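Here is a short briefing to read alongside the structure. Please have the sequence and the 3D view open as you go through the points.

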Amino acid sequence: MYAGIDAGSRAIKVVLIGEDGPGVVAQGQVDQGVEQDKIACRLLEEVLAQTGVDRSQVCRIVATGYGRNAVSIADTTITEITCHAVGVRQLVPAAMTVIDIGGQDSKLMRLDTNGRVRDFAMNDRCAAGTGRFLEVVADRLGLSLGDLGPMAARSRNPAVISSMCVVFAETEITGLLAAGRACEDIVAGVQTAIAARIVAMAGRNIEAPVIFTGGVARISGMETALQTALGRPIAPAPEPQMTGALGAALLARRQRGSD
Amino acid sequence: MSETPRQIALREWDDAYERLRAAGVPQPAYGGPLGRHVAEGDTRLRKLRFDNSLAALRLWDFLLTEEDRLQLARDAGKKLVGTMKDLGTVPVMASSLDNLVAFYPDGAWWIPCVMEVNSGLLQIADSLGIDESFCPVRAMLGAFVTGAHFPIPDLLTCSVGATCDDFSAIAQRLNGLGYPILWWEIPHRRVPEDNEGGVQLPGGFRAPASLVRFVRSELERIRLALEKLSGRVIDEGTLSRGIAKANHIRRLLAELRQAAFTATPCPIPALEMLIAEMLAIHFCSDQEETIAVLQDLLDEVNRRVAAGTGYGTADTARMFWVDPVADLQVMNLLEDCGGRICGTEYLFAHALDPIPTDVPPMEALARMALADPMVGSATDRAARIKAEIRRFGAEAVIVSRIPGASHCALEGEIIGEIVRAECGLPVLEIEVPPLTDAVSPSLRTRLEALVETVVNRRSR
């Protein structure tokens, strides 16, 4: 068995795979916390317990994500950029571009025909273009993250959010609410603003197929906003929040015998 | 010392220094344990890792004692010339007279890093209306106000025009505070039109003859001011000797760069190479000692190359670095993440080229000044970077933006796009503030990801 642990900013994910084959043996996810090493260990134990696999049967563990260096049970660490690319390519072999929007950063990876990262861009200088932006908006509007997609879908006239800074955007939202703009227009406007940020980061030459991954890919409406901004179809990865951990597990398997 | 090259912390260096001293190993007059600089406020040194060679110790001691050197020069009756913004031209003129000492007040941009923002210089700049929307070189304003980091120079010169908008605004503010500045203008470099006479510049560029004439006339004004300050004439022979000395330094740096960027394993860390390359523009207030320091470093590097020792392995990812970092610690991070330096363009590539010696010296300096990367287009910079990437065999490019620096914001993206398209290499853009502690995990992720990308691309 091989395990991949993705210690992201919002959640820790674990994927367990076998010696061969593409299938996932087991997986799990839990909210991130202060003691992320303990949380990751506990989650791995829970995932192992689901399958009846003993810890000693796990040959190698790769940790990824922003908290990867805190995961003491990992044999090695690999960045989320490489892991997401490997995970996505496993699920969508034709993928040439990966857009990953997580809780605190966003990334775009260009792949070569063999599925290796050719180049990447990453935004984490501010919360614009990340899941945090959506959280702030949801809080401000008294909504849950799950409400955002259906609400944005009802919009017929998305608001223009001109600021790329979350703090200023929140001020803009206050102004829009005061002006009587509907919540659905504001949410749709925010999704459009995030998509615009990603497109600006991506630059030119986005090669299809484009696969959308990371926790934000689960929020409906974001895929459409990105498609519109990029001017080309985008497909969300199956279980997009798990691709980093899956990639880490696959890389752990590739490294077998490396110690 | 003939130890295996490795990066050591400050405490280890201080222990090693005591052993060297006890063994009677000769030290320059400015030598001593690096730890003494921490007592003077340079607390960032505690977080850096230094090359363990004696040559590197000398380099660091030389860098960190410039203020003492300037004060000694003044005490000896020499006149001090602050050569602002100009990257490598006026210091050559001033240094040709032995009763003038040129230095580079802009070097204060590293004080917020080295003193971990405890110097208060940025706060002074804030209070003068030069806030964080400007480049960290605004710390220079605070250094003038406090007088605590370099003696106030007897003459201040500053190049303006096509160089840097941020710096012009900062220098104007300084002028407004009562520090008179002798401004000299440098125009934007452009390609000559068909009906214009063209002049070949160092670095492979060309410019209209009229631009070179204009810059030469501006430099003539500087020459007169230097002569007045010195009480001596800067004739062609004097200036030619000054140019010869500058060219000696440039030759040493060219050899050092060739060895450092091409040898495997890498014979010198990225941080020491950055400090060494910076000597090309300001000589750390002493040309003769710069030559000695660089010769020492080159000898050490050549010894390591011959012995096949250094940092990393043949597999270490080869990175080309664009723009200097505001936090020195980031250069350590490159090696931590599995990379090595393999070419640089720190915005003063022209100061690494030989100054022409086949034309009159003032003409040569004018041509050299016009070859400054900052007075040309981003496309020109990219052309030079591409050539160096190919020359040194770099596998990826890191463009490190300086927060608030307007040219970095504009040029990084253009350079990145050109390099991606024409060299087919991955390009990483990062922003490096004076202290990166808070963003260190994110910087590490990016650099590690770039190293992974380079390694994975090799197996295609």
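Within chain A of this predicted model, 14 residues of domain 1 touch 20 residues of domain 2. On the domain 1 side of that contact, helix 2 of chain A makes the largest contribution, with six residues. Sorted by class, the domain 1 side has six nonpolar, six polar and two charged residues.

**Where chain A meets chain B**
- Between the chains, 16 residues of chain A are in contact with 16 residues of chain B.
- Helix 2 (80-91) of chain A and strand 8 (117-123) of chain A each provide at least two residues of the chain A side.
- Which element supplies the largest share of the side of chain A that touches chain B? Strand 8 of chain A does, with five residues.
- By class, the chain A side of this contact consists of six nonpolar, four polar and six charged residues.

**An open sheet in chain B**
- Four strands of chain B make up an open sheet with parallel pairing, and their order is 10-9-11-12.
- Strand 10 (339-345) and strand 12 (427-431) of chain B are the edge strands, each pairing on one side only.
- From one strand to the next, the twist averages 30 degrees.
- Strand 11 (residues 396-401) of chain B pairs with strand 12 of chain B in the parallel sense, over five bridges.
- Opposite Val399(B) stands Glu429(B), in strand 12 of chain B.
- Helix 16 (residues 378-392) of chain B packs on the sheet, where helix 16 touches strand 9 (317-322), strand 10 and strand 11 of chain B.
- The direction of helix 16 of chain B makes about 140 degrees with that of strand 10 of chain B.

**Confidence in chain A**
- The pLDDT of chain A averages 89, and 95% of the residues score at least 70.
- Which element of chain A has the lowest mean pLDDT, and which the highest? Helix 5 (residues 166-178) of chain A has the lowest, at 80, while strand 4 (residues 60-64) of chain A has the highest, at 97.

Methods. Residues are numbered from 1 along each chain as its sequence is written. Chains are lettered from A and ligands numbered from 1 in the order in which they are written. This is a predicted model: local features need pLDDT of at least 70, side-chain atom pairs count only at pLDDT 80 or more; totals for chains, interfaces and linings use all residues. Two residues are in contact if their C-beta atoms, placed from the backbone, lie within 7 Å. Ala, Val, Leu, Ile, Met, Phe, Trp, Tyr, Cys and Pro count as nonpolar, Asp, Glu, Lys and Arg as charged, and the others, Gly among them, as polar. Two strands pair if DSSP finds at least two bridges between them. Axes are lines fitted to C-alpha atoms, for helices over the stretch in contact, and angles run from 0 to 180 degrees between N-to-C directions. pLDDT is the predictor's confidence in each residue, from 0 to 100.
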